[in-house]
Amino acid sequence: MTKESLRKKFLELVQINSHHPDEQAMIDFVGRWFDDVGIEWKQDAFGNVFANIPGVGDPVLLSTHLDIPEPAPQVNPIIEGDIIRSDGTSILGADPKTGLAVLLELARDLTQSDRPHAPVEFLLTRGEEKGLLGALNADYSFLKAKTGFVLDEDGPVNQVTVKAPGYMRFDASFKGKIVHPREPEKGINALQMFCEAMKEGQWGYACEGVTWNIGQFQAGTGRNSVPGHAELHAELRSFESEKLENEARRIKEHFCKTAQLFGGSCDVKTDLFFEGYDLDRSHPLFDHMNTVYETMGLQPRYHETYGGSDVNVFIQKGIIAVTLGSAYYNAHEYTEYADIAEMARIGEFLTQFLKVS
């Protein structure tokens, strides 16, 4: 693949608005590409895309997702040499489209090359940005690979995630009594319950090692009614599953006790969406990776993150995968940008990794 072919493919991809659940246009584009280069592909019941390229030896999984974090019906990319950035009016969609462009170009190169390479299994997931929905609902009977890579991380190809947290959803509903504000003493103010509960609450971190974020909140039904209902949608993350569950339990008990003090109630639902992981770098996958990095004159940057990815699910399914830097920067921001030269290095890394002597 060349920088020019990657630039062309990336610019085509950013014009496709693929916010979940509306990834069909992107699926159609990917399907046509696989058809054109002669690669068989299929979808599972959830709509994830699978494709296979035969080869020699053990198969390798290559994956990214199809959806973007928010709608972007009209992207106006600014091209500055190898850098392509958003014009500031929307996201660029570089997360995940840098990685997707690389995988599509790599698929074509492998089918046109006579050099022996490992078998490749592609999995392109839907709904990753909504909570790894595609990975959680994928049909893993379609896969044989036990190792692989996910292109879904800020930074260059030698940025390698080896540790990521577990993730818990936390939804709470405070219930009081709605009344006319001319007689507030007759009501039970659900908003007041929430405010009181949060007076002693932490923001950002529930405790050391556990992040806590209330992302959405809603209360009341009108300006002229005492709020009889308030609800929030929050999350917790931690590398330690026991600590994660303990903090969720503590916050739930605190919310419920506070509501009772006002004569109201609080219903809380928690859901451990996925476990965390800490990869063993003595695994043969890392030996192979390190050899390729050395060949390319690169030093791997192994790091941990509080962000989740499809890798969290793949590891639970018995697939040892790592998330690689995917040549995008400022993900989810209106200052997002992609580095075409770095995308080419990702392509080189994967080509070298798949090569069979």
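Predicted model: local features only at pLDDT ≥ 70, side-chain atom pairs only at ≥ 80, totals over all residues.
Residues are numbered from 1 along each chain as its sequence is written, and side-chain values use heavy atoms, with hydrogens and water left out.

Five strands make up an open sheet. Their order is β10-β11-β12-β9-β13, and the pairing is antiparallel. Strands (E, at least two residues) and helices (H or I, at least four) are DSSP runs, numbered from the N terminus. Two strands pair if DSSP finds at least two bridges between them. The edges are β10 (204-207) and β13 (265-274), each pairing on one side only. On average, neighbouring strands of this sheet are turned by 30° against each other, direction ignored. Axes are lines fitted to C-alpha atoms, for helices over the stretch in contact, and angles run from 0 to 180 degrees between N-to-C directions.

Strands β9 (residues 166-175) and β12 (residues 229-238) pair in the antiparallel sense over ten bridges. Met168 stands opposite Leu236 in β12. Helix α5 (residues 190-199) packs on the sheet. Helix α5 touches β9, β11 (210-219), β12 and β13 (contact: heavy atoms within 4.5 Å). The direction of α5 makes about 165° with that of β11. Helix α6 (residues 241-261) lies across β9, β10, β11, β12 and β13. Helix α6 runs at about 5° to β9.

The largest pocket is lined by 25 residues. A pocket is an open set of points on a 1 Å grid over the protein atoms alone, where a 1.4 Å probe fits, with protein on both sides within 12 Å along at least five of seven lines; lining residues have an atom within 4 Å of a point. Glu128, Glu129, Arg237, Gly308 and His332 lie nearest the centre of the largest pocket.

His332 also has a positive phi of about 75°, although it is not a glycine. His332 is found in the loop between β17 and β18 (337-339). Ala327 has a positive phi of about 65° and is not a glycine either. Ala327 lies in the loop between β16 (320-324) and β17 (328-329). At 0% relative accessibility, Ala327 counts as buried.

The peptide bond from His20 to Pro21 is cis, with omega near 10°. Pro21 sits in the loop between α1 (3-13) and α2 (24-37). The bond from Asp95 to Pro96 is cis, with omega near 20°. Pro96 is found in helix α3 (residues 94-112).

Conventions
Buried < 20%, exposed > 50% of the residue type's maximum accessible area, 1.4 Å probe, protein only.
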